[in-house]
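Here is a short briefing for anyone who likes contacts and angles spelled out. Please keep the viewer open while you read.

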Amino acid sequence: MKYSKSFRAALLSGAVLAAGVLANTTTTRAADSAARPEPAPLAKAVSTVTRSTEWKLAQRIGLDFDTHHPQGFARAGDRLFLSSVEIIEPPVKHRQPVDGHDRTPGKGRGHLFVLDLKGNLIKDIVLGEGDMYHPGGIDVDEESLWIPLAEYRPHSRSIIYRVDLRTLEVSEEFRVADHIGGIVPDPASGRLSGVTWGSREFYTWSAEGKQLDHTANSSHFIDYQDCARAGRDAAVCTGITGYEAPDGTGFELGGIALLDTRTQTVRHEVPVQLWSAAGHVVTRNPVHLEADGSTLRMWAAPDDGEETAGTEILVYESKVG
């Protein structure tokens, strides 16, 4: 079939244009791929955990001091940090909300225990102000440990503290008109991410405490109790959901979630079925996860000081990748 010169020219022009679009698209995809950083070792390791992952108990460390009700775990070099709430007067539920609250504030003291890797107590840092005495999940960056201290009730108030890892000096950074149960710093972006009571909502702040975002948690699998940075725009959270059968028997479902802190969405989540001496799922409260080559290591302290064997640090390991 013969075509006119003008038609052949149009075909050639269209082919060149299509080739250019394809080349630009390929270049853009390559650039996007190059701009997207490789997941950090911890995020990569957690993303491979499944329901069939085998965890082996590598170490059991008993703590010989009053640990009260542990809340959060973090590690910085050869030191472990454990936050805990000492309950002096438990909050009591109201029949009807009072001043917007479903319970009394109770009374207590907040603690940040500094330990060596064998569980020996180095220092007990007491925190709290008035009705704000409940520390939550904690995390560290290169220089500081971040810890929220809240009233022991939802929709209340919190103080966000920063602790210098070298001097252990405590400074108040900002306050939030809500219960913040965990906080994660992201030094690369300068942002801080937080979870509320039951982790039903997410917050994002600047380092100075300016609120940048506040969204609902789209996942209802577990309530996050402790969270930690897992690379840029990523956090790993652990927690629990309690169930009660018609006969009154209870069951604790534990789990691990990998979050995208930029979009506040879940990248990966998986249940955990490991149990403590007191019968608690190990992700009940304080958990620290770390990637060590092909090993994913979990430090957990699920039991309270007055329970069966007191508070023990349970160190589990699994092979990943």
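Is Phe174 buried or exposed? Phe174 is buried, because its relative accessible area is 7% (buried means under 20% relative accessible area, exposed over 50% and partly exposed in between, with a 1.4 Å probe and protein chains only). This is a predicted model, in which local features need pLDDT of at least 70 and side-chain atom pairs count only at pLDDT 80 or more, while totals for chains, interfaces and linings use all residues. Residues are numbered from 1 along each chain as its sequence is written, and side-chain values use heavy atoms, with hydrogens and water left out.

**Aromatic pairs**

- A search of the whole structure gives six aromatic pairs (rings of Phe, Tyr and Trp, the last by its six-membered ring, pair if their centres lie within 6.5 Å; planes under 30 degrees apart count as stacked, over 60 as edge-to-face and the rest as tilted).
- One of them joins Phe174 and Trp205, and this pair is tilted because the planes stand at 55 degrees, with the ring centres 5.5 Å apart.
- The pair links distant parts of the chain, with Phe174 in strand S12 and Trp205 in strand S15 (residues 201-206), 31 residues apart (strands are DSSP runs of E with at least two residues, numbered from the N terminus).
- Trp205 counts as buried at 2% relative accessibility.
- Tyr203 and Trp205 form a stacked pair, at 5.4 Å centre to centre and 5 degrees between the planes.
- Tyr203 counts as buried too, at 5% relative accessibility.
- Elsewhere, ring pairs link Tyr133, Tyr152 and Trp197 into a cluster.

**Salt bridges**

- The count comes to 17 salt bridges (a side-chain nitrogen of Lys or Arg within 4 Å of a carboxyl oxygen of Asp or Glu).
- Arg175 and Glu172 meet through their side chains at 2.8 Å, N to O; Arg175 is partly exposed at 41% relative accessibility, and Glu172 is partly exposed at 39%.
- Asp223 and Arg200 form another salt bridge, at 3.3 Å from N to O.
- This pair links distant parts of the chain: Asp223 belongs to strand S17 (residues 223-229), and Arg200 to the loop between strand S14 (191-196) and S15, 23 residues apart.
- Asp223 is partly exposed with a relative accessible area of 27%, as is Arg200 with 25%.
- In the salt bridge of Arg267 with Asp260, the closest N and O atoms are 3.5 Å apart; Arg267 is partly exposed at 42%, whereas Asp260 counts as buried at 10%.
- A network of salt bridges links Arg75, Glu290, Asp292, Arg297 and Glu317.

**An open sheet**

- Four strands form an open sheet in the order S2-S3-S6-S7, with antiparallel pairing (two strands pair if DSSP finds at least two bridges between them).
- Strand S2 (69-76) and strand S7 (121-127) stand at the edges with a single partner strand each, so one side of each has no neighbour in the sheet.
- S2 and strand S3 (residues 79-89) run antiparallel and are joined by seven bridges; Phe73 has Leu82 in S3 as its bridge partner.

**The loop at Thr167**

- Thr167 sits in the loop between strand S11 (158-164) and strand S12 (170-176).
- Thr167 is partly exposed, with a relative accessible area of 37%.
- The C-alpha atoms of Thr167 and Ser144 are separated by 9.8 Å, and the two residues are 23 residues apart along the chain.
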